[in-house]
Amino acid sequence: MNILVLGTGYVGTTTALALSEMGWHVTGLDMDSHKVQQLLQGKLHFYEPGLEPLLQKHLQSDNITFTTQADRSIQVSEIIFICVGTPPLPDGSADLHYVKQAARDIGRNMNGYKLIIIKSTVPIGTQEKMTEWVRSAQRQSHPFDIVSNPEFLREGKALSDALHPDRIVIGATNEQAAAAVQNLYLSLKCPVVITTPRNAELIKYAANAFLAMKISFINEMARLCDKVGINIKEVAQGIGLDPRIGNRFLQAGIGYGGSCFPKDVAALLSIAAEHGTELKLLKEVVSINETQHLHLMHSARTRLGNFMGTKIAVLGLAFKPDTDDIRESSAIRIVRALMAEGAQVAVHDPVAKLPPDVNDAAIICSSPSQALENADAVFLCTEWTIYQQLDWVHAKQLMKRTNIFDGRNVLDAKKMAELGYFYQGVGYR
Ligand code: UGA
């Protein structure tokens, strides 16, 4: 049996490879011929640990292939995953343009029963809309089911999340379709939630919104900790041991970024507004997050006087380690804010790059040491292991003034002070 994965972005490629790893034969379909050519040569067009070797392994064993031919690949596949993007529109709502296009392509090329599984993050009621889009595009009537099966992959850990998920959520309108999707994941050992498509759609948004809320909560507490001289890491540990709270996603810092939390919280706010209700808590979550980097900027300004004429090293640009993704990255917000206040900024990241509009104004460094040379302060913005393991004794010799502003609270405050640094984390020093 052939499975088609429509869309070979980050979610589509990970899904396709995870399905191959589970023993299924998979075809990845994308309109972008350059991407398809690259994938066929065993090369990924984004950075994600562990995926490229798996791609090469399954290409070699013929378990996976990629194509740009929509008509034929749809006709020969009974199961079709939709993994296209749902980027935010200016009002925060999700753009369903690609989902609609995919549904219409499937409808037009149908030649028999199809099980369509939507993995893209989509607003409540999209499964119903898709049913209409597929039906209206059909040239001849054929039966089909559309099942909502949201993904919970984290960038940087996508492969392990896909092969060892916490849970699988299946939103179906009938038992047979739900069972068929469950059968695909039979080799995975985890709880399966079988529910309605609408519930599944909201589960995805609510999960991301809850995690974003946890981060903004701990960040707000961290602001208080800085005022009263309390250590947020100990507070997080103390509350996190209560299993009702849990210790994960309680790491205070300069705020969450990425393509998911900011986009999905905005989309959920937009869904609520559309239905005449206001999610006040989530509005605050967003507002805390959007100003969280300013809190560390303020600490640094207090220490340095102002940034005019200073040289500041920024370590880390990605929104988190193990990815080259800078979308909504708090590190980029810090770079922009420092530049706006007259600092000369020297940046380093193992893989991520600055956006073009600020790239020319910064000093791009090929090593952390180069960025630290003659710096008045360093901002640690992404907790890459190389920064945590940096030789901070040597780094001291390179810097003009030894100030560390740790935006991820990953360095040991006591040790840094013993080494002679002025160290300030977020709610931690
Ligand atoms: C997130 C979710 O964790 C996944 O479950 C979900 O599938 C995915 O979005 C999605 O919707 O596709 P991701 O955006 O890859 O995954 O990254 P996370 O690991 O969740 O981190 C998001 C941001 O929160 C990062 O900027 C990270 O630095 C920040 N964060 C995370 C904190 O500031 N504190 C924490 O304690 C944890």
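This is a predicted model: local features need pLDDT of at least 70, side-chain atom pairs count only at pLDDT 80 or more; totals for chains, interfaces and linings use all residues.
**Reading salt bridges and cysteines**

User: Which residue does Asp 166 meet in a salt bridge?

Analyst: A salt bridge is a side-chain nitrogen of Lys or Arg within 4 Å of a carboxyl oxygen of Asp or Glu. Asp 166 meets Arg 167 in this way, with 3.8 Å from N to O, and Arg 167 is partly exposed because its relative accessibility is 25%.

User: How many salt bridges are found in the whole structure?

Analyst: A search of the whole structure gives 17 salt bridges. One of them joins Asp 357 to Arg 336, whose closest N and O atoms are 2.6 Å apart. This pair links distant parts of the chain, since Asp 357 belongs to helix 14 (residues 356-359) and Arg 336 to helix 13 (residues 330-340), 21 residues apart; the helices are DSSP runs of H or I with at least four residues, strands are runs of E with at least two, and both are numbered from the N terminus. With a relative accessibility of 57%, Asp 357 is exposed, whereas Arg 336, at 36%, is partly exposed.

User: Where in the chain do Arg 401 and Asp 376 lie?

Analyst: The side chains of Arg 401 and Asp 376 form a salt bridge of 3.0 Å, N to O. Arg 401 sits in the loop between helix 17 (392-398) and strand 13 (403-406), and Asp 376 in the loop between helix 15 (368-372) and strand 12 (377-380), 25 residues apart. Arg 401 is partly exposed at 35% relative accessibility, while Asp 376 is buried at 3%. Salt bridges with shared partners join Asp 376, Lys 400 and Arg 401 into one network.

User: How many disulfides does the structure hold?

Analyst: A disulfide is a covalent bond between the sulfur atoms of two cysteines, and the test applied is a pair of those atoms within 2.5 Å. The structure holds 0 disulfides. Cys 365 is in none, and the nearest cysteine sulfur, that of Cys 381, is 14 Å away. Cys 365 is buried, with a relative accessible area of 8%, and Cys 381 is buried as well, at 1%.

Technical notes. Residues are numbered from 1 along each chain as its sequence is written. Side-chain values use heavy atoms; hydrogens and water are left out. Buried means under 20% relative accessible area, exposed over 50%, partly exposed in between (1.4 Å probe, protein chains only).
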